[in-house]
Amino acid sequence: ELARVARLEGNVILQAIIHADGSVGDVEVLRTNRPNMGFEDSAVAAVKQWRYQPAMQNGRPVEVYFTVFVEFKLH
């Protein structure tokens, strides 16, 4: 909300673990171009809602780390 009112755009790079069932586990902020403006919390909250097709190894689903780039643009 703070960034929206200030009319700021930003981006956040996250690292997340994708579980074998496709759900998102722990999410860590690696980098942001506008710290402390709320982008980090919003990006983490959004990514935690997503579901992925799990990675496969030898025909079985496995957990993997995944890097995600989240961009916030004004429209």
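1. Some terms come first. Ala, Val, Leu, Ile, Met, Phe, Trp, Tyr, Cys and Pro count as nonpolar, Asp, Glu, Lys and Arg as charged, and the others, Gly among them, as polar. The model is predicted: local features need pLDDT of at least 70, side-chain atom pairs count only at pLDDT 80 or more, and totals for chains, interfaces and linings use all residues. Numbering starts from 1 along each chain as its sequence is written, and side-chain values use heavy atoms, with hydrogens and water left out.

2. The sheet is open and has 3 strands in the order S2-S1-S5, with antiparallel pairing. Strands are DSSP runs of E, at least two residues; helices are runs of H or I, at least four; both are numbered from the N terminus. Two strands pair if DSSP finds at least two bridges between them. At the edges are S2 (24–32) and S5 (64–72), each pairing on one side only. Neighbouring strands are turned by 25° against each other on average, direction ignored.

3. S1 (residues 10–18) and S5 pair over 9 bridges, in the antiparallel sense. Within this pair, Ile18 stands opposite Val64 in S5.

4. Axes are lines fitted to C-alpha atoms, for helices over the stretch in contact; angles run from 0 to 180 degrees between N-to-C directions.

5. What divides the lining of the largest pocket? Its residues are 6 nonpolar, 2 polar and 3 charged. Helix H1 (2–5) and helix H2 (39–49) each supply at least two of the lining residues.
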